[in-house]
Amino acid sequence: MKTAAKVFIILSMICGCIAILPLIFGGITLSKMKKATKASELTVWGILDIFFCGIIGGILVLCLKDSDLAK
């Protein structure tokens, strides 16, 4: 699920490259996904990703479980 979320975030960053906000929020979300150990750390970034980057990638970030993230 984590890989699918990354793919959809990157695709939405590429499609929205004209605007600067998808690049910023997508990049921050991807970096937070590397460092996060609990899914609750990504809730805010998942919501911001839905609004500014892409719906599918944001929903997948919100659906991540603790077991999907690095320990």
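These legends describe close-up views of a predicted model.

**View 1. Helix H4 and its buried face.**
Helix H4 covers residues 55-62. Its buried residues are Gly-57, Gly-58, Leu-60 and Val-61. Seen down the axis of H4, these buried residues fall within an arc of 160 degrees, so they line one face of the helix.

**View 2. Thr-29, a buried residue of helix H2.**
Thr-29 sits in helix H2. Is Thr-29 buried or exposed? Its relative accessibility is 0%, so Thr-29 counts as buried. Setting aside residues up to four places away in sequence, Thr-29 touches Ile-9, Trp-45, Asp-49 and Val-61. One of these, Val-61, also belongs to the buried residues of helix H4.

**View 3. Leu-62 in helix H4.**
Leu-62 is part of helix H4. Leu-62 has a relative accessible area of 37% and is partly exposed. Which residues does Leu-62 contact, leaving aside its neighbours within four places in sequence? They are Leu-42, Thr-43, Gly-46, Ile-47 and Ile-50. Leu-62 and Ile-14 are 48 residues apart along the chain. Their C-alpha atoms are separated by 21 Å.

**View 4. A nonpolar patch on the surface.**
Eight names make up this view. Val-7, Phe-8, Ile-10, Leu-11, Ile-14, Ile-55, Ile-56 and Ile-59 form a nonpolar patch on the surface. Together they have about 720 Å² of accessible area. Which elements give two or more residues to the patch? They are H1 and H4. H1 supplies the largest share, five residues.

**View 5. Ile-55, a patch residue in helix H4.**
Ile-55 lies in helix H4. Ile-55 is one of the residues of the nonpolar patch. At a relative accessible area of 55%, Ile-55 is exposed. Gly-57 and Gly-58, by contrast, are among the buried residues of this helix.

**View 6. Cysteines without disulfides.**
How many disulfides does the model contain? The count comes to zero. A disulfide needs a pair of cysteine sulfur atoms within 2.5 Å. The cysteine sulfur closest to that of Cys-17 is in Cys-15, 8.1 Å away, so the two are too far apart for a bond. Cys-63 is in no disulfide either. The nearest cysteine sulfur to Cys-63, that of Cys-53, is 16 Å away. Cys-17 is partly exposed, with a relative accessible area of 46%. Cys-63 also counts as partly exposed, at 40% relative accessibility.

Asp-68 lies in the segment after H4. Asp-68 is partly exposed, with a relative accessible area of 30%. Where does Asp-68 make contacts, leaving aside its neighbours within four places in sequence? Asp-68 is in contact with Met-1 and Lys-2. Lys-34 gives a further reference point. Asp-68 and Lys-34 are 34 residues apart in sequence. In space they are 11 Å apart, C-alpha to C-alpha.

Notes: Residues numbered from 1 in each chain as written. Predicted model: local features only at pLDDT ≥ 70, side-chain atom pairs only at ≥ 80, totals over all residues. Heavy atoms only, no water. Buried < 20%, exposed > 50% of the residue type's maximum accessible area, 1.4 Å probe, protein only. Helix = DSSP H or I, 4+ residues; strand = E, 2+ residues; numbered from the N terminus. Arc of directions from axis to C-beta. Contact = heavy atoms within 4.5 Å. Patch = residues over 30% accessible without salt bridge, like charges linked within 9 Å, V, L, I, M, F, W, Y side chains within 5 Å. Areas by Shrake-Rupley, 256 points an atom, 1.4 Å probe, with all protein chains shown as cover. Salt bridge = Lys/Arg side-chain N within 4 Å of Asp/Glu carboxyl O.
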